[in-house]
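Subject: Structure handover

Hello,

Here is the structure I promised to pass on. Please open it first, then read my notes beside it.

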Amino acid sequence: MKVDHSIISKLLGIKAEGSKKPHSRSDLENVIYFKSHIVLESGGLKSLPKHEIIDINKAAIIYRKALLEIKEKKSGNSEAIEEIDYAIEELEEIATSKIGKDYGIDFYEINEIIKEYSDAKISTGAKAIEYILENFDIQKEANNVTENIRKISKSLESQKAVQTKIQKRKKLYKRLEVLNAFIRSGQDLKSLLIYNLPVIPADLRPLIQIDGGRHSTTDVNELYRRIIIRNDRLKK
């Protein structure tokens with residue numbers, strides 16, 4: 001993901017339901033690195049549009065709206081209302097506290113409550129991307145992109161070239177190239193994910209001393225370092 005031309009980002013072109021603007025590469029990167037969560041299924045909740053990315057800055061507002069909407073739907077279930085009211089009260093308390101402002105809220109606990117009392121599904125990390133890849137209709141998406149390119153090209157014929165439209169078409173062409181490459185190859189989209197990471201012997205990824213007493217390391221060492229740090233954070 002740490003490249004300017006992320007294949008996963010181009011392939012999926014994820015955007016929230018009802019939005020015309022796709023999520024940026026950095027937005028998707030935040031999901032993969034557990035910094036943000038993404039709505040995989042809205043479950044009919046207007047407050048949780050499918051593929052909406054919930055980042056730390058707007059999480060409390062989004063979750064509060066979702067809990068209130070679920071509460072309204074569960075008006076005849078006193079047990080559910082009691083638990084949802086408690087969750088809302090706790091959410092408001094944490095969100096306005098110093099800890100909440102510095103570190104954010106507990107995504108996972110609220111995700112479980114939403115999952116229990118609705119059909120909505122929210123997740124994070126590689127598991128979220130895996131779910132999206134499993135349910136991604138690549139041929140349908142390629143057809144949609146082709147149609148969008150055709151519409152932009154037609155609009156440019158009837159008026160002076162608009163730079164923003166030209167740039168948009170250029171991006172769509174690049175995305176279509178990725179989509180068609182996967183269609184032609186028949187490659188499983190989940191092959192983009194690493195399930196088993198081999199540990200290469202240290203002798204094959206040495207630290208090399210360069211001028212000025214500095215050291216140069218391989219990309220593999222950097223990958224291992226990031227994974228170790230991320231795993232340690234998740235354990236905490």
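Start with R175. At 11% relative accessibility, R175 counts as buried, because the limit for buried is under 20%. Keep in mind that this is a predicted model.

What does R175 pair with? R175 forms a salt bridge with E141. The closest N and O atoms are 3.0 Å apart. R175 lies in helix α9 and E141 in helix α8, so the pair ties together parts that are 34 residues apart in sequence.

Now step back to the whole protein.

It has 10 helices and five strands. The C-alpha trace spans about 60 × 60 × 35 Å along its principal axes. There are 236 residues in the protein, and buried residues make up 34% of them.

**The largest pocket**

R175 turns up again here. The largest pocket has a volume of about 1600 Å³. Its lining has 43 residues. Those nearest the centre are G13, I14, K15, P22 and R175.

Which helix gives the most to this lining? That is α9, with nine residues. At least two residues each come from α1 (7-12), β1 (37-41), α7 (125-134), α8 (138-157) and α9. By class, the lining of the largest pocket has 19 charged, 13 polar and 11 nonpolar residues.

**The second largest pocket**

The second largest pocket holds about 1200 Å³ of space. It is lined by 30 residues, and I32, Y33, I194, L223 and I227 are the closest to its centre. Helix α10 (219-235) gives the most to this lining, with 10 residues. The helices α1, α2 (25-32), α7 and α10 each supply at least two residues.

**A nonpolar patch**

Together with L197, they form a nonpolar patch on the surface. The four have about 330 Å² of accessible area together.

Where does I194 sit? It lies in the loop between α9 (163-185) and β4 (208-209). Is I194 buried or exposed? I194 is exposed, because its relative accessible area is 62% and the cut-off for exposed is over 50%.

- E222 and R226: their side chains meet in a salt bridge at 3.1 Å, N to O. They are four residues apart in helix α10, so about one helical turn separates them. Both are partly exposed: E222 has a relative accessible area of 26%, and R226 is at 36%. Salt bridges that share partners join E222, R225 and R226 into one network.
- E41 and K50: their side chains meet in a salt bridge at 4.0 Å, N to O. That distance just counts, because the cut-off is within 4 Å. E41 is partly exposed, at 26% relative accessibility. K50 is also partly exposed, at 32%.

F34 has a phi near 65°. That is a positive value in a residue other than glycine. F34 is placed in the loop between α2 and β1. With a relative accessible area of 30%, F34 is partly exposed.

H51 has a phi near 70°. This too is a positive value in a residue other than glycine. H51 lies in the loop between β1 and β2 (53-54). Is H51 buried or exposed? H51 counts as buried, because 19% relative accessibility falls under the 20% limit.

**Where to begin**

Move to the largest pocket, where R175 is among the residues nearest the centre. Then go to I194, one of the residues closest to the centre of the second largest pocket. Finish with the nonpolar patch that I194 forms with L197, L223 and I227.

Best wishes

How values were computed:
Residues numbered from 1 in each chain as written. Predicted model: local features only at pLDDT ≥ 70, side-chain atom pairs only at ≥ 80, totals over all residues. Heavy atoms only, no water. Patch = residues over 30% accessible without salt bridge, like charges linked within 9 Å, V, L, I, M, F, W, Y side chains within 5 Å. Areas by Shrake-Rupley, 256 points an atom, 1.4 Å probe, with all protein chains shown as cover. Buried < 20%, exposed > 50% of the residue type's maximum accessible area, 1.4 Å probe, protein only. 1 Å grid on protein atoms, 1.4 Å probe; cavity = no way out; pocket = protein on both sides within 12 Å on 5 of 7 lines; lining within 4 Å. Points joined across faces, edges and corners; volume = space filled by probe spheres on them. Nonpolar A, V, L, I, M, F, W, Y, C, P; charged D, E, K, R; others polar.
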